[in-house]
Amino acid sequence: MQTRGPQSEDAESFYVTTPIYYVNDAPHLGHAYTTVAGDVLSRWHRQRGERVWFLTGTDEHGQKIMRTAEANGVTPQQWADRLVTDAWKPLWEHLEIANDDFIRTTQRRHTDRVQEFVQDLYDKGEIYKGGYEGPYCVGCEEYKLPGELIDGEGEFAGLKLCPIHRRPVEILSEENYFFRLSAYADRLLAHYEANPGFVRPESARNEVVNFVRRGLQDLSVSRSTFDWGIPVPWDDRHVIYVWVDALLNYATAVGYNENREKFEATFPADVHLVGKDILRFHAVIWPAMLMAQGLPLPGTIAANGWLMAGGEKMSKSNLTGIKPQDLTSHFGVDAYRWYFLRAIAFGQDGSFSWEDFSARYTSELANDYGNLASRVAAMVGRYFGGELPASTDDGEAERAVHEGLAKAVAEADRRIGDELDFQGGILAVFDFVKQVNGYLTEQEPWKVAKDTSDEGRARLAAILYTAAESLRAIAVLLNPVMPETSQRLWDSLGAEAALGSLAEQRVQAAGEWGRLPAGSTVTKGAVLFPRLEEKPTQ
């Protein structure tokens with residue numbers, strides 16, 4: 001977990017969430033992608049000095065969980081406990097995920113509040129009893145419209161399949177309770193129109209708007225054919241529909257109907273990060289539920305694309321799941337965190353390959369960034385005994401670096417902090433890394449060092465101070481993405497003693513030239529990005 005700097009109670013608040021994940025199996029790359037994005041976003045806003053709350057957790061009710069537990073010969077609660085303890089929490093710790101809370105939908109702080117929320121809607125007449133028959137995907141935990149289904153082939157020939165899981169749907173007929181979702185279509189459309197950033201990216205927003213314009217059906221909010229869920233408070237023959245249960249975690253985790261002060265200071269979320277396959281639940285059902293209860297709506301629903309392998313979405317159901325540990329054991333945790341946000345534009349589908357990861361690691365991390373850090377530390381050690389010299393001979397070349405840094409800070413802050421463009425923000429920082437490398441190549445400090453005159457020494461000091469101060473700023477800017485690497489660089493620059501902990505450094509301060517004081521002890525530590533071994537056999 002990250003060591004967090006102090007956050008003022010008067011600071012602007014920022015609340016970001018991931019989806020809560022089904023515990024039917026261990027997490028794969030797709031789950032980790034969204035969670036790392038949430039972690040980077042929350043760390044960035046902490047380094048803006050904001051009062052951040054970052055929530056993740058697990059979705060533990062529903063038919064899919066019940067069937068998985070039965071297949072493994074345990075109760076659903078035992079299965080959920082095992083997966084959370086042995087798979088989900090350990091992976092988030094391994095990936096340096098600095099979440100403030102981890103909510104489980106089987107916890108009393110959640111289940112009691114869900115019953116209260118649904119009871120309120122029932123008492124207001126927003127929920128009524130009815131019947132329904134239609135195709136149901138257990139994988140999605142959702143009734144499907146006939147037009148959404150695809151025709152099966154091969155072993156599923158003659159059957160209708162879920163387009164996401166590519167498994168046959170089941171025709172269910174139940175007596176259920178329904179939420180009057182159809183009554184909120186006009187209000188939802190008006191909200192989308194007035195708040196164009198409510199759903200991101202634009203392609204996702206267009207999909208949601210078109211879906212709502214076609215007309216909404218009332219939503220079944222209970223199930224009566226199984227019992228693994230939160231009981232409907234006025235009719236215990238039913239359990240609350242798992243998606244109503246799950247969506248409410250964003251409210252229950254921050255004190256809904258329990259801690260008014262915390263709830264009002266935190267809710268609603270500024271950003272919900274979700275996979276595009278669950279966009280409609282978050283961008284249609286969730287805001288309609290909040291409207292019905294008179295609660296404020298979130299700022300942004302940001303849908304990330306799918307990670308693709310062999311042209312198909314990574315998931316256990318289509319057997320393309322890859323364990324994150326398979327990659328971190330080879331490339332390292334920080335490189336893993338960096339790669340997916342660097343290689344794939346957030347909001348778009350992207351393909352992963354071992355070869356692409358290896359090429360980017362070698363070119364951008366090892367050669368550009370890691371080599372810059374190594375040679376600057378080595379030259380300060382060789383030419384100044386490891387003591388950072390003062391710069392008294394800045395010229396046009398140095399001023400160009402100062403301007404490049406200011407541009408990189410502004411660009412990265414806007415793209416990551418405001419636009420959720422992680423790729424663009426990372427590229428802005430690495431453009432500056434390349435600029436500093438180019439600066440050293442042009443200034444040739446190894447040649448300047450041969451001039452032992454006062455003028456020569458002053459020129460050499462200016463070059464190496466400029467490079468070291470640039471690295472100080474790079475460490476701050478990349479800390480949300482690669483915290484362990486940034487800390488090692490911070491330590492090698494002697495910045496901790498002079499400037500305090502890296503976690504306390506503000507993004508804005510990264511661009512304030514001259515913060516790393518002359519006299520700091522610069523040491524050459526271990527290589528930031530070691531040479532990769534050969535790809536392990538699968």
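How many helices and strands are there in the protein chain? The protein chain has 20 helices and 18 strands. Both are DSSP runs numbered from the N terminus: helices are H or I with at least four residues, strands are E with at least two.

The model is predicted: local features need pLDDT of at least 70, side-chain atom pairs count only at pLDDT 80 or more, and totals for chains, interfaces and linings use all residues. Residues are numbered from 1 along each chain as its sequence is written, and side-chain values use heavy atoms, leaving out hydrogens and water.

## Overall form

The C-alpha trace spans about 90 × 55 × 40 Å along its principal axes.

Of the 538 residues, 58% are buried. Buried means under 20% relative accessible area, exposed means over 50%, and partly exposed lies in between (1.4 Å probe, protein chains only). Among contacts with a separation of 6 or more, 77% join residues 24 or more positions apart. A contact means heavy atoms within 4.5 Å.

The chain exposes about 21900 Å², and carbon and sulfur atoms supply 47% of that area. Accessible areas come from the Shrake-Rupley method with a 1.4 Å probe; for residues, only the protein chains shown count as cover. There are 55 positive and 77 negative charges, and their mean positions are 2 Å apart. Lys and Arg count as positive, Asp and Glu as negative; His and the chain ends are not counted. Each charge is placed at NZ of Lys, CZ of Arg, CG of Asp or CD of Glu.

## R43 and E96

R43 sits in helix α1 (residues 29–46). R43 is buried, at a relative accessible area of 1%. Its side chain reaches the backbone oxygen of E96 at 2.6 Å. This is a polar contact, a pair of N or O atoms within 3.5 Å; within protein, one must be able to donate a hydrogen and the other to accept it, and residues adjacent in sequence count only if both atoms are side-chain atoms.

E96 belongs to the loop between α3 (76–94) and β3 (101–104). E96 is partly exposed, at 25% relative accessibility.

## Backbone exceptions

Most residues other than glycine have a negative phi, and most peptide bonds are trans.

P201 lies in the loop between β9 (199–200) and α6 (202–213). P268 is in the loop between α9 (260–266) and β14 (271–275). E444 falls in the loop between α15 (422–443) and α16 (445–448). E444 is partly exposed, at 27% relative accessible area.

## P168

Where is P168 placed? P168 is in the loop between β7 (160–161) and β8 (170–179). P168 is partly exposed, with a relative accessible area of 32%. Leaving aside neighbours within four places in sequence, P168 contacts F156, L159, K160 and L161. P168 and V481 are 313 residues apart in sequence and 40 Å apart in space, C-alpha to C-alpha.
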